[in-house]
Amino acid sequence: MDEHIGARPHRINLLNRGVGTVSGVRDVKAFNEAEIVLETDMGMLSIKGTDLHVTKLTLEKGEVEVDGTVDSFVYTDTKEPVSAGGVFGRLFR
């Protein structure tokens, strides 16, 4: 059975690799200028790039606005980001 049935719609809108909106967001797990890690209704989402910023966060609506230069979007099904050093390792590089 699909675990995502009944979840809020999850959508990514990105304009010119620079300004974007992500919906279906449950929480912002970590962010810095190189990576933003979001818990979404579809799993963990890692947005990687340069000069990244969270410009607006509305968890009641499940929406996050970001800007910067986006290089990649990567989904995982785990609850915690999988990367060397964990969340704190990325925050305090």
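Author: Buried means under 20% relative accessible area, exposed means over 50%, and partly exposed lies in between, with a 1.4 Å probe and protein chains only. By that scale Arg26 is partly exposed, at 40%.

This is a predicted model, in which local features need pLDDT of at least 70, side-chain atom pairs count only at pLDDT 80 or more, and totals for chains, interfaces and linings use all residues. Residues are numbered from 1 along each chain as its sequence is written, and side-chain values use heavy atoms, with hydrogens and water left out.

A strand is a DSSP run of E with at least two residues, numbered from the N terminus. Two strands pair if DSSP finds at least two bridges between them. Here six strands form an open sheet in the order β1-β2-β6-β5-β4-β3, with antiparallel pairing. β1 and β3 (25-31) stand at the edges with a single partner strand each, so one side of each has no neighbour in the sheet. On average, neighbouring strands of this sheet are turned by 35° against each other, direction ignored. For such angles, axes are lines fitted to C-alpha atoms, and angles run from 0 to 180 degrees between N-to-C directions.

Now to the charges. Side chains of opposite charge can pair when their charged atoms come close. A salt bridge is a side-chain nitrogen of Lys or Arg within 4 Å of a carboxyl oxygen of Asp or Glu. The structure holds five of them.

Start with Arg26, whose side chain meets that of Asp41 in a salt bridge of 2.6 Å, N to O. Arg26 belongs to strand β3 and Asp41 to the loop between β4 and β5, so the pair ties together parts 15 residues apart in sequence. While Arg26 is partly exposed, Asp41 is buried, with a relative accessibility of 6%.

Another salt bridge joins the side chains of Asp27 and Lys29, at 3.8 Å from N to O. Both partners are partly exposed: Asp27 has a relative accessible area of 28%, and Lys29 has 27%. Through shared partners, salt bridges join Arg26, Asp27, Lys29, Glu39 and Asp41 into one network.

Glu39 sits in strand β4 (residues 35-40). Its relative accessibility is 15%, so Glu39 counts as buried. The side chain of Glu39 also makes a polar contact with the side chain of Lys29, at 3.5 Å. A polar contact is a pair of N or O atoms within 3.5 Å; within protein, one must be able to donate a hydrogen and the other to accept it, and residues adjacent in sequence count only if both atoms are side-chain atoms.

Where else does a salt bridge link distant parts of the chain? Arg17 forms one with Asp71, the closest N and O atoms being 2.7 Å apart. Arg17 is in the loop between β1 and β2, and Asp71 is in strand β6, 54 residues apart. Arg17 is partly exposed at 46%, and so is Asp71 at 49%.

Most residues other than glycine have a negative phi. Asn16 is not a glycine, yet its phi is positive. Asn16 is exposed, with a relative accessible area of 70%.

Asp51 also has a positive phi of about 55° and is not a glycine. Asp51 lies within strand β5 (residues 43-58) and is partly exposed, at 47%.

Apart from neighbours within four places in sequence, Val54 is in contact (heavy atoms within 4.5 Å) with Phe31, Ile36, Val64 and Glu65.

Note on methods
Helices (H or I, at least four residues) and strands (E, at least two) are DSSP runs, numbered from the N terminus.
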